Amino acid sequence: MEIKCTKEEFKVLLDLVYAGNLLINGMREVNERIAPHAELEQKIFAMAKEFGLEDYIEFDEEFKEYMPTRAYENSEINDYIDAYEDKVFWEELVVRMARRQALNELGDENPDMTNAELRNRQIELEEYYEDEFIENGIYHLKWIKPEIQSEEEAKAKAKREQ
């Protein structure tokens, strides 16, 4: 593969490839990786030395692949990744909490709620949770441990309720 760019441009490409493959393969076991993405990352990593970026990428003899160095993982790319993960966490938490509460209301308080009403209620709740988390973070969240029963206890309870 031939790439014509400056050292600075290649560094940006390295960041994009690293972050992209981290998103696609970062949570997968080695044997479960999506091969085209992992392989292209390895090709780009292998070129790092040509662009004077050997401080960022090194070949690991044990794993037989190119890997980011600690210096690279501690560079600004990590700040971008952390900011992305933080944003996704809060957005997902807001949406999931709002959806759960809207569905609970549908089941418990208003079983005749239409899909449009459910969506509107979820949007209202998303605004509420977003404001809550901006103001208080996770301070007001509380884990309520569910009652755990053995299979036999559950069967006995079901019989009693019949």
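At a relative accessibility of 8%, T69 counts as buried; here buried means under 20% relative accessible area, exposed over 50% and partly exposed in between, with a 1.4 Å probe and protein chains only. Colleagues, the model before you is a predicted one, in which local features need pLDDT of at least 70 and side-chain atom pairs count only at pLDDT 80 or more, while totals for chains, interfaces and linings use all residues. Residues are numbered from 1 along each chain as its sequence is written, and side-chain values use heavy atoms, with hydrogens and water left out.

Let me stay with T69. This residue sits in the loop between β2 (65-68) and α3 (70-73); helices (H or I, at least four residues) and strands (E, at least two) are DSSP runs, numbered from the N terminus. Which residues does T69 touch, not counting those up to four places away in sequence? They are E54, D55, Y56, I57 and E58, where contact means heavy atoms within 4.5 Å.

K64 is placed in the loop between β1 (57-60) and β2. Its phi is near 60°, a positive value in a residue other than glycine. K64 is exposed, at 56% relative accessible area.

The axes of α1 and α4 are 11 Å apart, and the two helices pack at an angle of about 40°. Axes are lines fitted to C-alpha atoms, for helices over the stretch in contact, and angles run from 0 to 180 degrees between N-to-C directions. The two helices are therefore oblique to each other; angles under 35 degrees count as roughly parallel, over 145 as roughly antiparallel, 65 to 115 as roughly perpendicular and the rest as oblique. Their crossing is right-handed: a crossing is left-handed if the near helix is turned anticlockwise from the far one by less than a right angle, and right-handed if clockwise.

Which residues of α1 meet α4? On the α1 side they are K11, D15, Y18, A19, L22 and L23, and they face E76, I77, I81 and Y84 of α4. Of these, K11 is buried, with 10% relative accessible area. Leaving aside residues up to four places away in sequence, K11 touches L53, Y56, Y72 and E76.

The crossing of α4 past α5 is right-handed. Contributors to the contact include W90, L93, V94 and M97 from α4, and L118, L125, Y129 and F133 from α5.

Now to the aromatic residues. How many aromatic pairs does a search of the whole structure find? The search finds nine. In one of them, the rings of F89 and W90 have their centres 4.9 Å apart and their planes at 75°, so the pair is edge-to-face. The criterion is that rings of Phe, Tyr and Trp (its six-membered ring) pair if their centres lie within 6.5 Å; planes under 30 degrees apart count as stacked, over 60 as edge-to-face and the rest as tilted. F89 is partly exposed at 42% relative accessible area, and W90 is partly exposed at 27%.

Why is the pair of W90 and F133 tilted? The ring centres are 5.5 Å apart and the planes stand at 45°, so the pair falls into that class. W90 lies in helix α4 (residues 76-108) and F133 in helix α5 (residues 115-136), so this pair ties together parts that are 43 residues apart in sequence. F133 is buried, with a relative accessible area of 8%. Together with Y128 and Y129, the residues F89, W90 and F133 form one aromatic cluster.

Lastly, two positions elsewhere. G107, in helix α4, counts as exposed at 52% relative accessibility. From C-alpha to C-alpha, G107 and V12 are 50 Å apart in space and 95 residues apart in sequence. H140 is found in the loop between α5 and α6 (151-161), and a polar contact of 3.5 Å joins its side chain to that of N136.

Notes:
Polar contact = N/O pair within 3.5 Å; in protein donor to acceptor, adjacent residues only side chain to side chain.
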